Amino acid sequence: MATLVDNPALSEQAVEAIVARYDEPAWLAEERRAALRSYQAQPFPTPRDERWRYTQLKRFALDGLPLVDAPAGPEVSERIRMRITDSDAEGVLVHKGSQVVHREASIAEQGVIFTDLRSALRDHEELVREHLYSVVNAGHGKYAALNAALWQNGTFVYVPRDVEVALPLGAFTSADRGGVGLGRTLVVVGPNAKVTYLDEYTCEPFDEHLFYDAATEIVLADGAKLRYVSLQNWSRNVAHMNTLRAHVGRDARLESLTVSLGADAARAEVECRLDGPGAESEMLGLYFADEGQHFNQYTLQHHAADHAHSDLLFKGALRDASSAVYSGVIVVDPGAQKTDAYQTNRNLLLDADSEAVSIPQLEIGANDVRCSHGSTTGPVPEDQRFYLMSRGLSPEVAEHVLVTGFLYEVMSRVTLPKVAQYVERVVQAKLGVPGVKEKL
Amino acid sequence: MSDTTLEIRNLHARIAGGETILRGVDLVVPRGEVHALMGPNGSGKSTLAKIIAGDPAYEVTDGEILLEGEDVLALEPDERARAGLYLAFQYPVEVPGVSIANFLRLALNARRDEDDEIGVMEFYQKLQRAVAALDWDESILERNLHEGFSGGEKKRSEILQLLVLEPKYAILDETDSGLDVDALKVVAKGVNAARGPEFGALLITHYQRLLNYIVPDRVHVMVQGRVVTEGPKELAMELDQKGYDWVREQVGA
């Protein structure tokens with residue numbers, strides 16, 4: 001049985017080195033130390049853990065890797081420059097290793113903060129202190145604990161009460177050397193405020209192996225609205241882990257999209273807790289695995305309040321001996337009456353060597369609720385393939401049309417056209433559509 | 001035969017690994033003519049249509065399908081289409097996320113060299129002509145392929161595609177079934193628009209009704225996996241009045 005082994009570089013000394021280097025405040029140092037103790041106390045996941053049962057754990061190993069610090073070089077790759085130009089963003093940050101290598105912001109709206117976490121700690125310490133670790137902390141598993149103890153930098157987004165940010169904000173996380181990389185996102189949207197924020201993970205391929213451990217905390221106050229996109233398109237020498245959690249207040253609405261396209265192996269834990277009546281969470285997921293990639297997604301829709309609505313749709317296509325695991329739970333607390341919760345996972349297998357496991361679950365503690373879940377996994381319907389080929393489309397073009405059609409149910413709900421176009425382009429490149437180059 | 005026909009010669013076929021359906025079909029459709037293929041339910045008409053197009057759900061055990069002298073049995077469905085065959089499906093599939101216009105552009109470009117994609121003007125002229133021939137609104141071109149279409153709209157889309165792709169030979173598999181008279185007239189108008197010296201068609205139908213609007217040059221009758229008789233267009237009328245028992249008796253089937 002595959003077991004994971006600890007990495008001596010992830011130590012008390014490493015925590016103290018970060019605290020000292022950045023001259024961090026005492027409260028943060030204490031949080032880090034506590035998180036490291038929690039990390040050390042928690043066992044690594046094993047196949048016996050229900051949430052990790054079908055995960056190819058070895059592909060998320062972190063032993064033998066140094067902690068990533070500064071990047072090998074400060075340059076922003078051509079690839080990221082193109083993504084920035086294409087993104088329509090009002091504010092952009094580019095992270096590489098522990099450094100911010102590029103920033104541009106022309107945010108017109110009053111009081112909006114969009115900066116890296118280090119700068120936020122210096123300039124807005126009380127705000128950061130109030131929210132950091134409030135949604136994702138050492139209690140959310142071994143990898144979340146590791147991030148809480150050793151994160152180096154990340155992004156802080158704060159939108160004050162009643163402010164609506166017109167254009168999207170985006171952070172690009174890049175890399176140019178191997179090791180264990182740890183980044184953190186904290187998004188706080190005030191009462192009746194509104195913003196769109198994109199986290200994108202991408203890099204040019206390099207020789208060493210990178211294990212990237214991300215944590216994403218989202219706080220939506222009453223009436224707040226956030227469109228959030230997590231777009232993972234690392235090169236194949238990377239393993240990616242992301243613990244993404246949101247607390248959604250009364251009448252607040254979260255629209256999240258989690259995209260997995262790159263990396264050798266990637267796991268996204270996407271969780272939302274609906275804390276107030278009228279809270280809404282749309283959770284979209286899209287993945288396309290090829291050439292042996294392994295994608296994992298664990299989702300939680302936690303209805304802690306009455307009259308809340310959550311709607312989850314994760315769809316993925318697989319080929320070339322790839323694998324995917326989807327495991328999702330809807331939890332309805334006692335008293336969360338009039339809950340409306342839906343969960344759907346669908347997988348399209350483009351060849352017989354690929355496999356997908358889908359495990360939807362419900363835990364319902366209230367009696368006046370509407371909940372449904374469903375999953376399907378299957379090959380391309382032969383009648384569809386035959387129809388398209390009978391019009392002269394080659395098998396390759398027919399497959400492209402069918403994959404596009406399959407993913408359309410998700411893509412048609414993505415309200416950010418630039419993001420939709422980019423995802424479509426990467427999918428086309430993976431399918432080998434002539435003239436399209438975006439795959440890494 | 002000659003190199004201006006679609007010829008089916010002694011075709012035997014079965015469901016892949018299963019029941020035998022075609023037991024020696026012989027049939028010739030010359031280019032420039034429209035033929036009808038009639039017959040009772042279960043006689044193998046739709047199976048023949050799908051086998052001509054290359055449906056992998058069936059296995060040919062004997063015989064030939066000659067497209068202007070070339071046997072197409074070894075060709076994949078897309079290769080047959082590019083060689084000039086077209087099947088109007090009885091039950092067209094729905095493909096979300098692809099508009100009819102984009103789908104037709106892919107289909108047209110599949111017939112051209114990679115560095116010779118169809119020009120915008122030429123493409124839209126083709127589409128506009130086809131839409132007009134079917135009394136349709138151009139907005140239909142932006143809808144996703146058959147997504148949310150009624151049965152009648154799907155049949156109309158099959159004819160639209162035929163008009164745009166301009167095949168040498170088309171097989172229309174019960175394109176009339178489920179249509180009311182108005183819809184039938186529209187579909188017939190589309191098929192008649194395609195008629196000409198460069199186009200051959202085989203209309204598969206149960207009913208003589210369609211043949212009031214698309215008058216065939218010849219009528220073939222299929223019973224139990226074989227074409228048992230054929231004749232001029234009047235044969236369709238006769239079948240409509242007398243039913244198929246009469247044919248069965250005549251051929252001792």
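Biologist: Why is His95(A) called buried?

Modeller: This is a predicted model, in which local features need pLDDT of at least 70, side-chain atom pairs count only at pLDDT 80 or more, and totals for chains, interfaces and linings use all residues. Residues are numbered from 1 along each chain as its sequence is written, and chains are lettered from A and ligands numbered from 1 in the order in which they are written. A residue is buried if 20 or more other C-beta atoms lie within 10 Å of its own, exposed if 12 or fewer, and partly exposed in between, with C-beta atoms placed from the backbone. His95(A) has 26 other C-beta atoms within 10 Å, so it is buried.

Biologist: Which residues does His95(A) touch, not counting residues up to four places away in sequence?

Modeller: Two residues are in contact if their C-beta atoms, placed from the backbone, lie within 7 Å. By that rule His95(A) touches Val100(A), Asn153(A), Ala171(A), Thr173(A), Ser174(A) and Gly183(A). The C-alpha atoms of His95(A) and Phe172(A) are separated by 6.1 Å, though these residues sit 77 residues apart along the chain.

Biologist: In which strand is His95(A) found?

Modeller: His95(A) is found in strand S1 of chain A. Helices (H or I, at least four residues) and strands (E, at least two) are DSSP runs, numbered from the N terminus.

Biologist: What makes S1(A) largely enclosed by the rest of the structure?

Modeller: Six of the six residues of S1(A), residues 91–96, are buried, so the strand is largely enclosed. Gly91(A), Leu93(A) and His95(A) point one way, Val92(A), Val94(A) and Lys96(A) the other way, and all are buried.

Biologist: How do you know that S1(A) and S2(A) pair?

Modeller: Two strands pair if DSSP finds at least two bridges between them. S1(A) and S2(A), residues 99–105, have six bridges in the antiparallel sense. One partner pair is Leu93(A) with Arg103(A). The hairpin has two residues between the strands, and Gly97(A) takes a positive phi near 55° there.

Biologist: Which way do S1(A) and S5(A) run, parallel or antiparallel?

Modeller: They run parallel, joined by six bridges, with S5(A) at residues 169–174. Val94(A) has Phe172(A) as its bridge partner in S5(A).

Biologist: How is chain A divided into domains?

Modeller: Chain A has domain 1 (12–275) and domain 2 (380–440). Domain bounds come from an automatic or database domain assignment. The C-alpha centres of the two domains lie 30 Å apart. In the contact between them, 16 residues of domain 1 meet nine residues of domain 2. On the domain 1 side, S9(A) gives the largest share, three residues.

Biologist: How many residues of chain A are in contact with chain B?

Modeller: 17 residues of chain A are in contact with 22 residues of chain B. Helices H7 (382–389) and H8 (395–411) of chain A each give two or more residues to the chain A side. That side divides into seven nonpolar, six polar and four charged residues. Here Ala, Val, Leu, Ile, Met, Phe, Trp, Tyr, Cys and Pro count as nonpolar, Asp, Glu, Lys and Arg as charged, and the others, Gly among them, as polar.

Biologist: What do the buried residues of H7(A) pack against?

Modeller: They pack against H8 of chain A together with helix H2 (77–83) of chain B. The buried residues in H7(A) are Arg385(A), Phe386(A), Tyr387(A), Leu388(A) and Met389(A).

Biologist: How many residues does the largest nonpolar core have?

Modeller: A nonpolar core is a set of buried Ala, Val, Leu, Ile, Met, Phe, Trp, Tyr and Cys residues joined through C-beta atoms within 7 Å. The largest has 201 residues, and Val157(A) and Leu203(B) are among those with the most contacts inside it. H8(A) gives the most to this core, nine residues.

Biologist: Why is chain B called as compact as a globular protein of its length?

Modeller: The radius of gyration is taken over C-alpha atoms, and the globule rule is 2.2 Å times the number of residues to the power 0.38. For 253 residues the rule gives 18 Å, and chain B has a radius of gyration of 18 Å, so chain B is as compact as a globular protein of that length. Buried residues make up 41% of chain B.

Biologist: What makes S2(B) and S5(B) edge strands?

Modeller: Four strands of chain B form an open antiparallel sheet in the order S2-S1-S4-S5. S2(B), residues 20–30, and S5(B), residues 70–71, each have a single partner strand, so one side of each is left without a neighbour in the sheet.
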